[in-house]
Structure formats: C-alpha cells, structure tokens
Amino acid sequence: MHNPDCFVLIRGMLREARHWGNFTDYFRQRFPNATILSPDLPGNGRFCRQTSPDSIAAMTEALRRQIDDKQPLNLVAISMGGMMALDWMVRYPQEIASAVLINTSARKLSPFYRRLRWQVYPTVLKMLFHSKAARERDILALTSNRYRNDDELLKTWRRWQQQYPVSSVSARKQLTAAAKFQLPAKPGQPILIVASEADRLVDYRCSLELHRLWQTDYRRHPTAGHDLPLDEPLWLAETLEQWFDMLRHR
C-alpha cells in the first residue's frame with residue numbers, strides 16, 4: 001500500500017520555495033496529514049548567499065542535507081527540479097517512494113532545441129545580462145501563459161528577488177547543470193509525468209518522450225505554461241490527489 005506521508009516540493013532554475021504559490025495551499029488541503037517540505041537550492045531563496053553547484057548531483061546532495069527524516073519521500077518536482085528528482089531516485093532509491101515530474105527534460109533523450117525551445121534563445125541569452133528586475137519580467141513572460149502580463153505578480157516576484165537575489169554566477173551554474181544533465185537508468189519507483197502542452201519554454205514532447213520510453217503514468221494540461229503550478233494550481237493538486245489515490249489501490 002502506498003502511503004504518501006511526506007512530500008518534498010522541488011522548484012527549478014532561479015526559483016525558490018515561495019514560487020510554488022497557491023499550489024502549496026491547494027496541495028495541503030488534499031493531503032492534510034502529510035508533511036510537506038519545500039527546500040531551496042544553494043544560490044536560490046534562503047540560500048542566495050551560497051553559490052549554486054554546477055551539477056545536478058551536487059544539487060541533489062544539497063537538498064538531501066535539508067531533509068532530516070529519511071522516511072520514503074514523495075517528490076513533486078518541476079523543470080530542473082525534475083532532474084534532481086530523477087538523480088535522487090536512482091542514487092538513493094531507498095529514500096524515495098515516488099516522483100511527480102512536471103515539464104522536465106534530459107540530454108540525449110530530447111534534442112537541445114526542444115529542451116529549450118529555439119524560439120526563446122535570444123530572450124534567455126539576454127536574461128543573463130539583464131538587471132534582476134528585468135530578469136523577473138522575462139521569466140514571467142516565458143513561463144506563464146495565464147499571468148504573463150500580471151503586474152501585481154511581477155511586483156511580488158521582484159520583491160522576493162530583492163530580498164533573496166540570485167547572483168549571475170549562480171544563474172550561469174544552474175543553466176550549465178541543467179544543460180549537461182543526462183537521463184539515468186529508469187528508476188524503480190512509480191512516476192507520474194505531467195506536461196503543459198502550451199509550454200513556450202520547454203517543448204512538451206520532452207515529457208511525452210520520457211513517458212513513452214519508461215511507460216510511466218502521464219497527464220497533460222492543454223493551455224498552461226511551463227510554470228504549471230502557477231497557471232493551474234487547483235488542477236495540478238487534484239491531478240496529484242487522484243494519482244496518489246490510484247497508487248494506494250494498485
């Protein structure tokens with residue numbers, strides 16, 4: 001019987017725990033008795049004064065050090081966070097019960113122009129040299145379909161960035177780590193892959209190819225952007241509740 005008692009929510013590049021937004025509240029409502037943890041990466045959020053590692057494996061180790069209770073964990077991870085989830089599942093299988101991978105990708109399985117859509121290359125390159133305030137505007141425009149022009153949300157994100165600024169060095173190291181991550185052997189734990197078909201940053205076929213290769217469970221949303229928890233938090237929470245319910249009865 002699968003008992004989801006402890007969840008670890010893992011965000012992606014340049015993001016921190018607060019970027020889960022309303023999704024965390026919806027998720028807690030559906031799993032009221034579970035422990036829900038939202039660690040930050042070195043270089044992001046509470047650890048912005050540290051420098052990010054330049055490999056996914058080193059990022060995984062940094063996450064593991066933040067989790068005291070090593071009971072089997074259920075990972076919910078988006079984008080680059082999904083790469084850490086896969087690495088964690090394969091190298092420490094006894095620690096992970098399951099994983100939900102949202103809009104993630106891996107080298108060799110998917111071509112580089114799908115892992116980062118070729119249409120956004122100019123914007124992503126400019127982002128590395130933009131001011132932090134401009135960078136937040138770029139990220140919102142690229143990752144959200146529903147809120148891409150939402151000034152209030154942008155103000156909030158800029159306030160977080162002023163409070164916990166991500167350095168240019170950490171930003172480049174995170175980009176490097178994600179770019180060189182290669183798909184590991186198939187993990188043995190249950191996996192749900194969730195994709196946004198209207199993702200303008202990462203082609204949803206990266207998720208679809210992973211689902212087909214490993215024959216995992218798969219769900220898709222037709223209109224959400226790359227930041228699915230931002231655009232459709234209620235849908236995502238309900239989808240996860242249904243999946244974990246299905247795991248219990250398998």
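**View 1. Helices that line the second largest pocket.** Both α7 (151–163) and α10 (228–231) supply at least two residues each to the lining of the second largest pocket, and α7 gives the most, with four residues. Here helices are DSSP runs of H or I with at least four residues, strands are E runs of at least two, and both are numbered from the N terminus. This is a predicted model, in which local features need pLDDT of at least 70 and side-chain atom pairs pLDDT 80 or more, while totals for chains, interfaces and linings use all residues. Residues are numbered from 1 along each chain as its sequence is written, and side-chain values use heavy atoms, without hydrogens and water.

View 2. You will find Glu-16 in the loop between β1 (6–10) and α1 (23–30). Glu-16 counts as buried because its relative accessibility is 5%, and buried means under 20% relative accessible area, exposed over 50% and partly exposed in between (1.4 Å probe, protein chains only). Leaving out residues up to four places away in sequence, Glu-16 touches Arg-11, Asp-40, Gly-45, Trp-160 and Tyr-164 (contact: heavy atoms within 4.5 Å).

**View 3. Ser-79, a loop residue with positive phi.** Most residues other than glycine have a negative phi. Ser-79, however, has a positive phi near 60°. Its loop runs between β3 (73–78) and α3 (80–91), and Ser-79 is buried at 17% relative accessibility.

**View 4. Gln-215, an exposed loop residue.** Gln-215 sits between α9 (205–214) and β6 (217–221). Although not a glycine, Gln-215 has a positive phi of about 55°. With a relative accessible area of 65%, Gln-215 is exposed.
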